[in-house]
Amino acid sequence: MHILVAGRDTKQLTDRDFVWTVEGELVMMPPDICDCPDCGCERSVVGLASSGASTMFQVIDHPAMTRDEYSQAFADGLARQGYEDVDAEAVADYHL
Ligand SMILES: [Zn+2]
């Protein structure tokens, strides 16, 4: 299964990048984008485990993760971040 995970290749960081995720954790596009021009949420992802943001992420082929595990990770991450009313399975599908 091809999934989005947080990266940490600091050699490619620019002064506009930030990495507040844990390397290898599943990430998603932010559920909300704010109006602040300096925030960076419009060009970053959110870690499902850490709830941190990052501009460094990559697609990997994860051979062991099942579809159910993937969907559950989104349900857990969204609930932990206060989005219990979001259709986690639809969000997970969007990221595949
Ligand atoms: Zn923002």
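Two strands pair if DSSP finds at least two bridges between them. Helices (H or I, at least four residues) and strands (E, at least two) are themselves DSSP runs, numbered from the N terminus. With that in hand, welcome to this structure.

The model is predicted, so to speak of local features takes a pLDDT of at least 70, side-chain atom pairs count only at pLDDT 80 or more, and totals for chains, interfaces and linings use all residues. Residue numbers start from 1 along each chain as its sequence is written.

Two helices and five strands make up the secondary structure of the chain. Starting at the N terminus, the order of elements is β-β-β-β-β-α-α.

Three of the strands form an open sheet in the order 2-3-4, with antiparallel pairing. Strand 2 (27-28) and strand 4 (53-54) are at the edges with a single partner strand each, so one side of each has no neighbour in the sheet. Strand 2 runs antiparallel to strand 3 (residues 45-47), and two bridges join them. Across this pairing, Val27 stands opposite Gly47 in strand 3.

Now for the chain as a whole:

| Property of the chain | Value |
|---|---|
| Box filled by the C-alpha atoms, along the principal axes | roughly 40 × 30 × 20 Å |
| Buried residues (20 or more other C-beta atoms within 10 Å of their own, C-beta atoms placed from the backbone) | 21% of the 96 residues |
| Contacts (C-beta atoms, placed from the backbone, within 7 Å) that join residues at least 24 apart, among those between residues at least 6 apart in sequence | 51% |

Conventions:
A residue is buried if 20 or more other C-beta atoms lie within 10 Å of its own, exposed if 12 or fewer, and partly exposed in between; C-beta atoms are placed from the backbone. Two residues are in contact if their C-beta atoms, placed from the backbone, lie within 7 Å.
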